[in-house]
Amino acid sequence: MITRTLACACAVLLLAASSLSQGAACHSLDGRADYVSVPACVSGAATLPNPFSLSDCTGIAAQATQVSLCHTEYAISVYFSCTDNNIQSPYSQCNDPLFNSDVFELFIAPQPLGSDPVAQHYIELELSPFDVMFAANVTNPNATCSGISSNYLNCTSFPHAVTYNREQQNWGGYVDVPFSELSILPYYTPGGTSYVVNFFRIDTPLHAAKEYSSYVCDGASPACFHMPAYFFALQLV
């Protein structure tokens, strides 16, 4: 069971999710995630089974990222843990450009329906090792990194907590994505159970070049996270 007390303890847990969670029911096609079954938090959390890949699909990220998910009646909860031997970020304010330094990111939207093949509207959330958030409502009509527009969202609308430990070389925490915030997007249905998502990380390992990685890589070079054709489905169960 994952309770809100435990979720708040996530500020010091650095994702003990490996001990609190169950393996994700992750079904794949052509080597990438097709959909993941996400349980209610009272039953545990589903841990994504595969490592993050470099966003250009040329290999595995040097430093591991683990993600687990569950849901309540109010939100989808995302727990994450990042191995990191060079924790850094100079930012301190909501909606600072966190993507210029160490960051964990997620893009999420309701599952598109009908003739729309990919999500052109989604929420982008970013978290730094020092518990700073970036939150935006993104419009992406070209489904790539050109022609994007976005509106900042209030960071306090997304409960979150992140802590870091330089000695143990890791950082992590949780973020809740409330359904009330997802309701601003097309195709949202109250009580709906189908969403699309991808997870990303920007990281600079010690004495190494900056890396851009994601759970489902898209092959773009230079890196482009805004490729909703590579979002995968979450099915709330």
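Guide:
**The disulfides**

With bonded cysteines counted along the chain, the disulfides of the protein follow the pattern 1-3, 2-7, 4-6, 5-8. The structure holds four of these links, a disulfide being a pair of cysteine sulfur atoms within 2.5 Å. In general, such a link is a covalent bond between the sulfur atoms of two cysteines.

The model is predicted: local features need pLDDT of at least 70, side-chain atom pairs count only at pLDDT 80 or more, and totals for chains, interfaces and linings use all residues. Residues are numbered from 1 along each chain as its sequence is written, and side-chain values use heavy atoms, with hydrogens and water left out.

Let us begin with Cys41 and Cys70, which are joined by a disulfide with an S to S distance of 2.1 Å. This pair links distant parts of the chain, 29 residues apart: Cys41 lies in the loop between β3 (32–38) and β4 (46–47), and Cys70 in strand β6 (residues 65–71). Strands (E, at least two residues) and helices (H or I, at least four) are DSSP runs, numbered from the N terminus. The link of Cys41 and Cys70 is right-handed, with 85 degrees about the S-S bond. Cys41 is buried at a relative accessible area of 5%, and Cys70 is buried at 0%. Here buried means under 20% relative accessible area, exposed over 50%, and partly exposed in between, with a 1.4 Å probe and protein chains only.

Next come Cys57 and Cys217, whose sulfur atoms are 2.2 Å apart in a disulfide. The two cysteines belong to distant parts of the chain, 160 residues apart, with Cys57 in the loop between β5 (53–54) and β6 and Cys217 in the loop between β15 (211–214) and β16 (232–236). About the S-S bond the angle is 115 degrees, and the link of Cys57 and Cys217 is right-handed. Cys57 is partly exposed at 39% relative accessibility, whereas Cys217 counts as buried at 19%.

A further disulfide is formed by Cys145 and Cys224, with sulfur atoms 2.1 Å apart. It connects distant parts of the chain, 79 residues apart: Cys145 sits in the loop between β10 (133–139) and β11 (149–152), and Cys224 in the loop between β15 and β16. This link of Cys145 and Cys224 is right-handed, with 105 degrees about the S-S bond. Cys145 is partly exposed, with a relative accessible area of 41%, while Cys224 is buried at 5%.
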